[in-house]
Amino acid sequence: MEVAAAPRVVVFGASSLDDLPGVGAVAADARFHFASNGEELARVVSGADVILGWDFRAGILERVWPQAERLQWVHWAGAGVDAVLFPAFRDSDVVLTNARGVFDQPIAEYVLGLVLCFAKDFPRTVRAQERKSWDFRYSESIQGRTALLVGVGSIGRAIGALLHGAGMEVTGIGRTGRSGDPLFGEIHGFDALDRKLGGADYVINVTPSTPETRGLFSVDRFQAMKAGARFINVGRGDAVDEEALAESLRRGRLGGAALDVFAEEPLPAESPLWELDNVIVSPHMSGDVSESTEHLVAQFVNNLRRFIRDEPLDNVVDKRRGY
């Protein structure tokens with residue numbers, strides 16, 4: 001990788017260094033340019049060595065791709081990279097890195113919170129409070145309950161560790177099966193998903209968007225789950241047949257669902273998922289905490305220094321696999 005002494009870095013989704021607190025540490029070592037929309041990106045991308053995708057939306061990089069003739073590296077400030085993986089980029093020699101690791105603990109905490117919401121029936125308590133209704137009932141314990149983690153990357157492992165620490169039994173489903181895992185014991189391959197679904201009180205999807213995971217949770221998969229199980233999705237929305245999920249929830253086949261990601265975002269107002277009492281809808285925020293920006297910038301600064309020194313980059317994404 002031949003690197004310019006002061007590489008040209010284009011930041012999409014920010015307007016100045018002030019939007020990236022901490023990036024000033026490398027401001028003297030690179031030439032920064034900013035673009036807050038597609039038109040601005042088209043004006044500054046020519047001659048760029050690096051693109052930092054601070055707020056990429058699907059299709060924008062693809063539209064300016066022919067002008068990015070010097071591009072060597074794209075850093076995407078998110079865990080999932082499906083928004084920037086188009087065929088020409090996938091087939092190129094341009095390196096893609098992501099923000100793997102930054103969101104692990106926040107998402108794990110969010111999932112634990114959702115599990116507790118279901119077990120302790122917090123949504124019903126809040127609704128009763130709004131009506132000034134004294135709605136006493138028994139709640140559930142999560143001790144000894146089973147959680148099936150579909151996706152055992154760094155986020156899935158962080159979720160599994162936190163749920164295990166709270167007293168739950170955790171089982172992992174990964175791309176390939178393997179034994180001797182320090183957290184899960186045995187990790188089961190995707191070919192075991194159907195037979196493992198029926199034993200889980202909570203099924204938690206943490207998969208990225210890949211051809212293998214799109215439509216993973218179908219009518220048949222929801223039917224295979226334990227009656228009354230709860231489904232949590234913090235992976236990608238395109239893994240779920242949302243109509244089938246809504247029908248399973250409406251009929252009482254599933255006990256509830258907590259969804260942070262959707263096939264279309266924002267979730268359209270006409271979606272039946274908004275109306276179901278046993279659904280928690282959140283706006284793709286499970287990994288975002290007040291410290292996120294600081295951590296994301298620090299991660300990019302570290303990698304930019306490695307790029308300038310012509311050292312291997314951290315968090316390189318396999319563009320063929322999509323993670």
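Which residues does Ile 159 touch, leaving aside those up to four places away in sequence? Keep that in mind as we walk through this model, which is a predicted one. The answer is a list of seven names: Ile 107, Ala 108, Val 111, Leu 149, Ile 204, Val 206 and Val 234.

Let's zoom out from there. Ile 159 belongs to the largest nonpolar core, a group of 51 residues. Along with Phe 32, Leu 163 and Ile 232, Ile 159 is one of the residues with the most contacts inside that core. Several elements give two or more residues to this core: strands E1 (8–12), E2 (31–35), E3 (50–53), E6 (146–150) and E10 (202–205), plus helices H4, H6 (154–165) and H10 (292–308). Helix H4 supplies the largest share, eight residues. There is also a second, separate core of 27 residues, and among its members are Leu 193, Phe 217, Ala 246 and Leu 249. If you wonder about the general idea, nonpolar side chains tend to be buried together in soluble globular proteins.

Now hop over to helix H9, which covers residues 242–250. Its buried residues are Ala 244, Leu 245, Ala 246, Ser 248 and Leu 249. What do they pack against? Their partners are helix H8 (219–224) and strands E11 (230–233), E12 (256–259) and E13. Just after the helix, Gly 252 takes a positive phi of about 85°.

Pick out Ala 244 in that helix. Is Ala 244 buried or exposed? Its relative accessibility is 8%, so Ala 244 counts as buried, the cut-off being under 20%. Not counting residues up to four places away in sequence, Ala 244 touches Ser 218, Val 219 and Phe 222. For a sense of distance, Ala 244 and Phe 307 sit 63 residues apart in sequence and 46 Å apart in space, C-alpha to C-alpha.

Last stop: the second largest pocket, which holds about 150 Å³ of space. Helix H4 (104–120), helix H5 (122–130) and strand E13 (279–281) each bring at least two residues to its lining, and H5 gives the largest share, three residues. Among the lining residues are Phe 118, Arg 124, Arg 127, Asp 277 and Val 279. By type, the lining splits into five nonpolar, two polar and five charged residues.

Definitions and conventions. Residues are numbered from 1 along each chain as its sequence is written. This is a predicted model: local features need pLDDT of at least 70, side-chain atom pairs count only at pLDDT 80 or more; totals for chains, interfaces and linings use all residues. Side-chain values use heavy atoms; hydrogens and water are left out. On a 1 Å grid over the protein atoms alone, a cavity is a set of points where a 1.4 Å probe fits but cannot get out, and a pocket is an open set with protein on both sides within 12 Å along at least five of seven lines; lining residues have an atom within 4 Å of a point. Grid points are joined across faces, edges and corners, and a volume is the space filled by probe spheres set on the points. Helices (H or I, at least four residues) and strands (E, at least two) are DSSP runs, numbered from the N terminus. Ala, Val, Leu, Ile, Met, Phe, Trp, Tyr, Cys and Pro count as nonpolar, Asp, Glu, Lys and Arg as charged, and the others, Gly among them, as polar. A nonpolar core is a set of buried Ala, Val, Leu, Ile, Met, Phe, Trp, Tyr and Cys residues joined through side-chain atoms within 4.5 Å. Buried means under 20% relative accessible area, exposed over 50%, partly exposed in between (1.4 Å probe, protein chains only). Contact means heavy atoms within 4.5 Å.
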